[in-house]
Amino acid sequence: MSNDPPEFSPLNSARSHEDDKLLNSILPSYHMFQATIRKKMVPEEENFKEDPPTYEMSPLHSNGITPIPSGIQSPQSADSLNAFPFPIQDSDDEETFNQRSADLWEQTVLANVHKLDLLSEKNPASKNLVVKVYITDAVCQKGVKPNIIDVSDYELKQGDFIHGYITIENTSSEPIPFDMVYVVLEGELAVVQANRGPGEPLISPTVFKFLNMLDLFASWSYANIDRLATDNGDPHDWCYGETDPYDNTVLAIDVKRLFQPGVTYKRFFSFRLPDKLLDDNCEIHSLDVHCQPPPTVGNPIPLNITARAKHESPDRKLKDFSLIDTFVSYKVAARVIGRASQYLPRVTKDRYILAADINVPLRVIPYTARPEHKEQWDQSVRAQFQAFVKVVEEKIEQGKRVLRTRDGAINSVMTSPNLSSLSLNQNLTPISSALQPIRSGSDREKLRQLYRVSNSMTEKGTSVKANEAAVYSHLSPYKKRGFTGAAKVLGVLSLSTPKAEYALSYVPPLRYRNPMQSYKTRVRIPLDLTYSCDNATSNQQPPEPKKITCELVVLTARSKKHYIPIELNHDMCFREQVVDDLDSKGQGDEYENLDTIVIKPFNEFYTTIVSLIKKIGFESNEFRVETQLFKDIKSLAMLQTKIINLAVPDITISSSTDKSRGVHESPSSIPWEKTEPAHSQCNIYTKNMELVVDVNSCHMKGAAPPAHGKSAFDNLCLVPDFQQCLMVRFYYFRISVKYGNGLVQSVNVPVTINC
């Protein structure tokens with residue numbers, strides 16, 4: 001194996017262009033399709049000694065390779081449908097062609113290979129069958145020395161080629177039978193369930209295969225295929241005895257499906273990572289964002305149930321903050337599959353079994369695809385979410401009407417969640433609701449006025465342009481404790497920043513990083529502080545902020561089984577406006593997030609619908625919940641999240657106002673400026689600044705920051721944010737200002753990581 005970097009790597013665009021012209025696309029015949037792609041899980045009786053069928057070849061020259069359906073949706077298997085606890089009604093009784101195709105695909109070996117048992121290493125067939133996979137820097141050709149590379153040194157992107165070959169050697173003195181040889185490029189999202197306990201059977205993983213490309217040339221079939229555009233072979237010639245003059249390996253696998261003793265077979269393969277996944281990856285909900293290739297994330301664990309027992313405690317290589325039992329991975333896999341009766345004695349019921357399963361993992365970090373018009377996309381996501389909430393509300397109301405008709409009154413148990421918590425509008429917390437604890441009418445009206453004035457000034461802050469009126473803000477009463485212990489409200493503090501989305505560069509781990517390339521790790525975030533107080537106390541001075549801190553929040557959410565039915569955005573991760581009431585503790589530790597904004601209300605929806613079904617009756621026709629709607633509600637109700645707050649100590653505070661222009665060590669050194677308000681009974685003070693935040697200094701809380709001259713990304717990896725049918729990743733900054741009385745105000749601002 002060559003230790004030097006190859007002249008033409010898989011990432012070289014010029015090399016890819018040459019490879020694209022050399023490779024020939026393959027249009028499979030009906031029999032090839034049936035014998036490879038559509039091979040069913042249940043073995044059929046076949047006589048391998050008979051001559052193979054006639055194969056007609058239709059070459060097709062194009063820019064792609066080996067067209068193959070990639071929308072494999074294992075979580076929606078028949079087993080998962082049988083687990084549904086209630087009688088349900090499909091929304092459409094007519095089965096479309098696509099649905100029938102999906103059902104057929106669900107029953108194929110390719111879709112369920114992770115469920116096959118792996119032959120024991122002690123079994124003679126497994127022990128004597130040596131399968132190896134090699135990755136090369138260019139298209140493999142007969143008689144040409146291949147340049148083997150270590151693909152683990154590369155991060156691949158859309159359009160990159162993966163070339164190589166597999167070798168299969170029978171080291172025994174007897175022929176080894178097989179039924180299938182598959183060489184595939186796979187991308188999968190998997191949730192590996194924990195074992196129930198000692199002696200308990202392992203639980204099958206949930207697997208969503210979003211990419212499954214089969215190389216028809218490398219895989220076994222009854223065909224002599226022209227792999228290269230320069231080939232001109234006879235499709236009826238099975239190439240008996242054809243060898244590679246470079247190493248004398250046999251290029252044609254036995255047509256009678258036997259690996260002959262002492263023979264080493266070689267099969268060439270080529271794959272190209274697609275720019276976009278097929279639409280049928282999200283066929284149920286048709287969400288475009290779910291059809292983008294996701295990045296490699298998490299720690300891959302063997303999915304084969306037999307093999308998993310040997311990998312109970314895998315070492316984690318990269319700290320990318322995925323859930324410990326969930327991962328997205330890509331690989332080139334070579335598999336030899338046969339019938340259990342071919343390898344095992346006394347088989348009561350024949351089944352397919354893996355005689356060999358060898359794979360080479362690939363690290364894929366795709367180019368980021370962003371909406372062309374972000375504001376319109378956000379509006380569309382909000383509308384989509386609200387429409388879905390309305391459908392669920394109507395279904396619950398329908399069940400309540402049935403109960404009213406039966407009982408003559410609304411059952412007290414049937415309560416739905418507070419839907420105001422599901423609103424994604426800008427003013428999410430009414431100011432009036434924050435004033436309820438105040439008993440005195442005059443105090444309530446005075447504080448209400450201060451809130452309104454402060455909120456008005458927040459939207460017209462000096463650092464916010466006229467066409468950027470939308471802000472993220474946090475309003476809090478400023479209290480001072482007296483000698484008697486009672487707290488007195490002196491005014492209202494507002495922390496705000498213009499509503500904007502900030503972008504950072506994806507920084508690869510050291511192994512893949514280009515030392516000559518620069519990465520954007522800094523952002524500039526304008527920040528406005530506003531203090532409103534009654535002008536009756538003219539000698540009162542605004543409180544000075546003691547400290548400003550910044551955290552980078554890493555949010556990962558996943559569904560174990562049911563597909564996420566909607567697109568998500570930062571509106572569902574935090575509130576745009578937060579208004580504290582007088583009982584606010586001011587600790588700044590409890591913030592609303594995806595758990596409280598989406599998951600908790602939908603959990604209440606789910607509980608309510610289940611209660612309605614049980615109360616009305618499973619067999620009743622008066623109230624039926626469609627299968628897909630139930631799954632969609634359950635998906636959001638059962639989402640699991642992992643939220644990591646990374647400290648970002650490298651913060652620079654600056655100001656551009658005339659009185660305080662320059663860099664400041666503390667926010668208190670920037671003077672308050674008095675502003676003339678429209679309401680003459682209030683005094684308004686403002687403090688405008690800009691934070692320069694460098695995430696190159698981020699680190700886990702409680703851990704030491706990176707040493708001088710070192711990068712945070714030497715020890716951790718922030719993959720680009722993404723959304724898939726079962727998993728999402730978001731980032732956002734949380735900027736907090738702390739005051740002397742213990743009050744902490746925070747605003748969250750969206751962050752995207754682009755590649």
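This is a predicted model: local features need pLDDT of at least 70, side-chain atom pairs count only at pLDDT 80 or more; totals for chains, interfaces and linings use all residues.
Trainee: How many disulfides does the structure hold?

Mentor: A disulfide needs two cysteine sulfur atoms within 2.5 Å. For cysteine 282, the nearest cysteine sulfur is that of cysteine 725, 4.0 Å away, and cysteine 282 is in no disulfide. The sulfur of cysteine 291 has its closest cysteine sulfur in cysteine 282, at 5.7 Å, which is too far for a bond. The number of disulfides in the structure is 0.

Trainee: Is cysteine 291 buried or exposed?

Mentor: Residues count as buried when their relative accessible area is under 20%. Cysteine 282 falls in that class because its relative accessibility is 2%. Cysteine 291 has a relative accessible area of 2%, and therefore cysteine 291 is buried.

Trainee: In strand E13, which residue is the bridge partner of tyrosine 165?

Mentor: Strand E13 covers residues 264–272, and because 7 of its 9 residues are buried, the strand is largely enclosed by the rest of the structure. Strand E6, residues 161–170, pairs with E13 in the antiparallel sense over 9 bridges. Within E13, the partner of tyrosine 165 is phenylalanine 268.

Trainee: What is the relative accessible area of threonine 167?

Mentor: Threonine 167 is found in strand E6. Leaving aside residues up to four places away in sequence, threonine 167 touches Val130, Val131, Lys132, Tyr134, Thr264 and Tyr265. Threonine 167 counts as buried because the cut-off is under 20%, and its relative accessible area is 11%.

Trainee: Which residue in E27 is the bridge partner of leucine 646?

Mentor: Strand E22, residues 640–647, pairs with strand E20, residues 545–558, in the antiparallel sense over 8 bridges, and in E22 the partner of threonine 556 is lysine 642. E22 is also joined to strand E27, residues 699–700, by 2 bridges, and these two strands run antiparallel. In E27, the bridge partner of leucine 646 is methionine 700.

Trainee: How many of the residues of helix H12 are buried?

Mentor: Helix H12 spans residues 627–637 and is mostly covered. Its buried residues include Thr627, Leu629, Phe630 and Lys631, and Asp632, Ile633, Ser635, Leu636 and Ala637 are buried as well. Of the 11 residues in H12, the number buried is 9.

Trainee: Is helix H9 roughly parallel or roughly antiparallel to helix H11?

Mentor: Two packed helices are described by the angle between their axes and the distance between the axes. For H9, residues 374–407, and H11, residues 594–616, the angle is about 30° and the axes are 10 Å apart. Angles under 35 degrees count as roughly parallel, which means that the relation of H9 to H11 is roughly parallel.

Trainee: What is the handedness of the crossing in which H9 passes H11?

Mentor: The contact between the two helices involves residues of H9 including Phe385, Phe388, Val389, Val392 and Ile396. The crossing in which H9 passes H11 is left-handed.

Note on methods:
Residues are numbered from 1 along each chain as its sequence is written. Side-chain values use heavy atoms; hydrogens and water are left out. Buried means under 20% relative accessible area, exposed over 50%, partly exposed in between (1.4 Å probe, protein chains only). Two strands pair if DSSP finds at least two bridges between them. Helices (H or I, at least four residues) and strands (E, at least two) are DSSP runs, numbered from the N terminus. Axes are lines fitted to C-alpha atoms, for helices over the stretch in contact, and angles run from 0 to 180 degrees between N-to-C directions. Angles under 35 degrees count as roughly parallel, over 145 as roughly antiparallel, 65 to 115 as roughly perpendicular and the rest as oblique. A crossing is left-handed if the near helix is turned anticlockwise from the far one by less than a right angle, and right-handed if clockwise. Contact means heavy atoms within 4.5 Å.
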